Structures are given as C-alpha cells and as structure tokens.
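Please look at the sequence and the three-dimensional model that follow.

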Amino acid sequence: MKASRLMMFALLLGIVYTGIYATRTETQTPYYALQIEAAERMEAAMDAIKTERIARGWDIDSTLDPLETGLIGDDFPRFFEPSITTTLGVIESKRTSTNPDFAALMVRYFKTLRLNEGDAVAMNFSGSFPALNIATLVAADVMGLNATISTSIGASSFGANNPDFTAIDMEHHLYEIGLIEQKSRLVSFGGENDQLLETEDDAFKAALRDRIIALGYTFIDENSLPENIQNRYRYYHDDAIQIRAFVNIGGNRLAMGEHLSGHPNGLIRRMSVSIVNGSGLIERFLRDDIPVIHLINARDLARQFSMAIDQE
C-alpha cells in the first residue's frame with residue numbers, strides 16, 4: 001500500500017510539472033531562448049533554496065507545499081506569535097507563484113518595455129512572494145539589467161514568513177553561491193508603517209535587524225511611513241541616471257502607500273494618479289511616466305498567460 005501511494009504521488013507530481021512546462025512550447029517569442037534560460041535559472045535557484053532550507057533544519061510540510069519547493073511558508077497560526085507574518089495570504093496563489101515560467105514572464109515584460117542590457121530598473125520586493133522575487137532577479141540577470149533593489153522582510157502567511165529563513169536569507173544564499181548576480185541594497189521590516197508594528201516584541205525585531213545587518217545589508221528603520229516611502233523613492237533616483245521601469249512584488253506599504261491603494265495586476269504602462277502625502281512608490285513612478293510591473297496575484301497572472309494554476 002505504501003509503495004502504491006508513493007507511485008500515485010509521483011504520478012501527480014509528473015502531471016503538475018507537465019502542466020507547468022507545457023506553456024513554454026505553445027508560442028515561441030523572438031526572445032524564447034532568454035525565457036528558457038531564465039526559467040532554468042529559476043529552477044536551479046529553487047533547488048538551492050530547498051537544499052539550504054533543509055540543511056538549516058527546517059523541514060518542508062508537504063501538505064502545504066506538495067511539490068516541496070521550500071518556498072511555501074507557515075500558515076496563519078504563526079500570525080499570533082512574535083514573527084514577521086504581516087497579513088493572511090492565499091496559499092493557492094503562493095504555490096502558483098513557484099512555477100519557473102514566471103521567470104520567463106518577467107523576461108517577456110522586460111522585452112515588452114524594450115529594455116536593453118545595462119538599463120536601470122528599480123525593484124521593491126517583500127517576503128510575501130519569494131518565488132516571484134527570484135523570478136525577477138534571474139530574469140534581470142539574463143537580460144543584463146542594472147537593478148536597484150529594496151526588500152521588506154515582512155511576509156503574508158505562506159510566504160517567506162520564517163524569521164530564521166527570510167526572503168533576504170534566501171536571496172543572500174543564492175548570491176553567495178553565484179545563482180543570482182544582484183541583490184538587495186536596502187532592507188526594512190515591512191508590515192504596518194514599514195516597521196512591523198504587527199509584532200510588539202522589540203527585542204525580537206532588534207535581533208532580526210542585527211542579523212540582517214551582519215549579512216552586509218543596509219537596514220532602514222524610519223519612524224514615519226511617508227518618510228520611508230520618500231527616502232526609498234529618492235534612493236532609487238540617486239542610484240540610477242534614468243530608471244526605465246519599476247517592479248513591485250507583493251502588497252507592502254512602501255509600494256501601496258499609507259492607504260493601500262489598489263492597482264492593476266501585471267504591467268501598468270500609464271495611469272492617471274494623484275500624489276498626496278503617504279502615496280506609495282507605485283503612484284510616484286507612474287506620475288513620472290515610468291512603467292510599473294506590479295505582481296500581487298499569481299493566479300490571475302498565470303490564468304492570463306495560460307500557465308498552470310494550483311487547484312484549478
């Protein structure tokens with residue numbers, strides 16, 4: 001009986017992966033080879049994250065992560081403990097985001113915007129979709145883009161919400177072993193006010209901040225959300241002569257603003273916006289007529305581009 005169950009599980013995995021990779025052969029774009037390279041790099045990065053997670057003693061819960069990617073975090077009970085969990089996430093969306101074809105999709109977005117080697121792209125990541133962070137990083141590497149990256153480590157449930165293995169820990173490991181060529185330059189807590197106010201344990205947060213700093217990152221911890229947003233916006237522009245695009249992943253306050261303004265999912269070329277005190281990074285870049293790639297609903301994007309969707 002045990003052998004039979006294992007065979008059925010292996011068959012299920014094969015069917016899922018067939019669905020994932022089938023999308024690569026439906027339509028070949030002029031930059032198909034770059035898309036394949038990006039997807040393959042993402043696969044290698046995911047394998048490395050899985051290996052590192054297990055090496056650090058964090059087992060993979062196959063009920064939450066049946067493909068055992070290592071990129072699916074804890075469920076909602078962690079929200080009530082001192083942790084970096086900020087909101088409740090949708091597990092189907094998180095599992096869908098682990099499709100390596102999202103790296104190919106990012107190449108498509110970059111090509112649609114006619115980005116070329118050396119072009120500057122500002123990026124804002126959160127811990128909510130670590131797989132999409134990786135997809136964006138490898139796509140930028142494949143295309144030779146110059147990324148200025150800021151990451152908030154707070155994460156919704158089922159994201160990178162393990163405080164001992166955050167999105168920055170994943171990124172740092174991939175950078176150290178050479179699977180990504182660029183990494184975040186600024187890190188913040190994320191969550192409420194970009195200060196993780198959901199967690200009141202100051203000692204816990206101080207220890208987390210010190211650990212991230214010890215990895216070589218610059219940690220930002222301002223008291224005011226509008227100040228955090230403005231400082232981050234200024235930093236992007238100080239670092240790059242001409243920003244060609246802005247990528248945001250997840251729904252953190254830096255991107256969405258004080259009032260958590262809603263924005264279309266995917267590529268936003270132009271959009272009329274009004275800038276007020278507390279407006280987020282998305283509004284500010286759109287005001288500057290800089291296109292935005294906003295990734296917040298992996299299932300919606302997968303449906304739009306005929307990729308495999310978890311539980312559909």
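How do the residues of the lining of the largest cavity divide into nonpolar, polar and charged? There are seven nonpolar, two polar and one charged, where Ala, Val, Leu, Ile, Met, Phe, Trp, Tyr, Cys and Pro count as nonpolar, Asp, Glu, Lys and Arg as charged, and the others, Gly among them, as polar. The model is predicted, so that local features need pLDDT of at least 70 and side-chain atom pairs count only at pLDDT 80 or more, while totals for chains, interfaces and linings use all residues. Residues are numbered from 1 along each chain as its sequence is written, and side-chain values use heavy atoms, without hydrogens and water.

Rolling a probe the size of a water molecule over the atoms shows where empty space is left. On a 1 Å grid over the protein atoms alone, a cavity is a set of points where a 1.4 Å probe fits but cannot get out, and lining residues have an atom within 4 Å of a point. Grid points are joined across faces, edges and corners, and a volume is the space filled by probe spheres set on the points. A search of the whole structure finds one cavity of 30 Å³ or more, and the largest cavity holds about 70 Å³. Its lining includes F125, P130 and E171.

The chain has 11 helices and seven strands; helices (H or I, at least four residues) and strands (E, at least two) are DSSP runs, numbered from the N terminus. Of its 312 residues, 56% count as buried, meaning under 20% relative accessible area with a 1.4 Å probe and protein chains only, whereas exposed means over 50% and partly exposed lies in between.

A nonpolar core is a set of buried Ala, Val, Leu, Ile, Met, Phe, Trp, Tyr and Cys residues joined through side-chain atoms within 4.5 Å. The largest has 51 residues, of which F102, F110 and M123 touch the most other members. The element α5 gives the most to this core, with 10 residues. A second, separate core of 17 residues includes A122, L254, L286 and I290.

Most residues other than glycine have a negative phi. R114, however, has a positive phi of about 60°, and this residue is found in the loop between α4 (101-112) and β1 (120-126). At 69% relative accessibility, R114 counts as exposed. S306 also has a positive phi, near 55°, and is found in the segment after α11 (298-304). Because its relative accessibility is 45%, S306 counts as partly exposed.

Definitions and conventions:
1 Å grid on protein atoms, 1.4 Å probe; cavity = no way out; pocket = protein on both sides within 12 Å on 5 of 7 lines; lining within 4 Å.
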